[in-house]
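This briefing goes through the fold, the strand pairing, the loops and the side-chain contacts of the structure shown below. It is meant to be read with the structure at hand.

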Amino acid sequence: MAKKDDRIIITLACGECKRRNYTTMKNKRNDPERLNINKYCKFCRKSVEHKETKK
């Protein structure tokens, strides 16, 4: 059985306007480095790379 402590909540910020649009969870063991995900930014009105930020 997996521990709950392995998963943490992270915030994703837009690469262009730098606004924090999304929150998601990631597993610290499987993804130790920062995440980069293409998602839709409602402020830029297009799909842009979102990066994991500090809280």
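**Briefing on the predicted model**

The charged end of Arg19 sits over the ring of Phe43, at 4.1 Å from the centre of that ring. The four strands form an open sheet with antiparallel pairing, in the order β2-β1-β4-β3.

**Overall make-up**

- Read from the N terminus on, the elements of the protein follow one another as β-β-β-β.
- Taken along the principal axes, the box filled by the C-alpha atoms is roughly 40 × 20 × 15 Å.
- The protein has 55 residues, of which 25% are buried, and it exposes about 4600 Å², with carbon and sulfur atoms supplying 46% of that area.
- Of the contacts between residues at least 6 apart in sequence, 37% join residues that are at least 24 apart.

**The sheet and its edges**

- The order β2-β1-β4-β3 describes an open sheet, and β2 and β3 (36-41) stand at its edges with a single partner strand each, so that one side of each is left without a neighbour in the sheet.
- When direction is ignored, neighbouring strands of this sheet are turned against each other by 40 degrees on average.
- In general terms, the strands of a sheet pair through backbone hydrogen bonds, in either a parallel or an antiparallel manner.

**Strand pairs, one by one**

- Strand β1 (residues 7-14) and strand β2 (residues 20-27) run antiparallel and are joined by seven bridges; within this pairing, Leu12 has Tyr22 of β2 as its bridge partner.
- β1 also pairs in the antiparallel sense with strand β4 (residues 46-53), here over four bridges, and the bridge partner of Cys14 in β4 is His50.
- β3 and β4 likewise run antiparallel, with six bridges joining them, and Lys39 stands opposite Val48 in β4.

**Loops with positive phi**

- Five residues lie between β1 and β2, which together form a hairpin, and Lys18 is located in its turn.
- Lys18 is not a glycine, yet its phi is positive, at about 65 degrees; with a relative accessibility of 59%, Lys18 counts as exposed, because the cut-off for that class is over 50%.
- Arg45, found in the loop between β3 and β4, is another residue other than glycine with a positive phi, in this case near 60 degrees.
- The relative accessible area of Arg45 is 69%, and Arg45 is therefore exposed by the cut-off of over 50%.

**Charges and aromatic rings**

- Which ring does the charged end of Lys39 sit over? The ring is that of Tyr22, and the distance to its centre is 4.6 Å.
- Both partners of this contact also take part in the strand pairing described above, since Tyr22 in β2 is the bridge partner of Leu12, while Lys39 stands opposite Val48 in β4.
- The contact between Arg19 and Phe43 is of this kind too, as the charged end of Arg19 sits over the ring of Phe43.
- How many aromatic pairs are counted in the model? The count comes to zero, where a pair would need ring centres within 6.5 Å of each other.

Key. Residues are numbered from 1 along each chain as its sequence is written. This is a predicted model: local features need pLDDT of at least 70, side-chain atom pairs count only at pLDDT 80 or more; totals for chains, interfaces and linings use all residues. Side-chain values use heavy atoms; hydrogens and water are left out. Rings of Phe, Tyr and Trp (its six-membered ring) pair if their centres lie within 6.5 Å; planes under 30 degrees apart count as stacked, over 60 as edge-to-face and the rest as tilted. A charge sits over a ring if NZ of Lys or CZ of Arg is within 6 Å of the ring centre and within 35 degrees of the ring normal. Two strands pair if DSSP finds at least two bridges between them. Helices (H or I, at least four residues) and strands (E, at least two) are DSSP runs, numbered from the N terminus. Buried means under 20% relative accessible area, exposed over 50%, partly exposed in between (1.4 Å probe, protein chains only). Contact means heavy atoms within 4.5 Å. Accessible areas come from the Shrake-Rupley method with a 1.4 Å probe; for residues, only the protein chains shown count as cover. Axes are lines fitted to C-alpha atoms, for helices over the stretch in contact, and angles run from 0 to 180 degrees between N-to-C directions.
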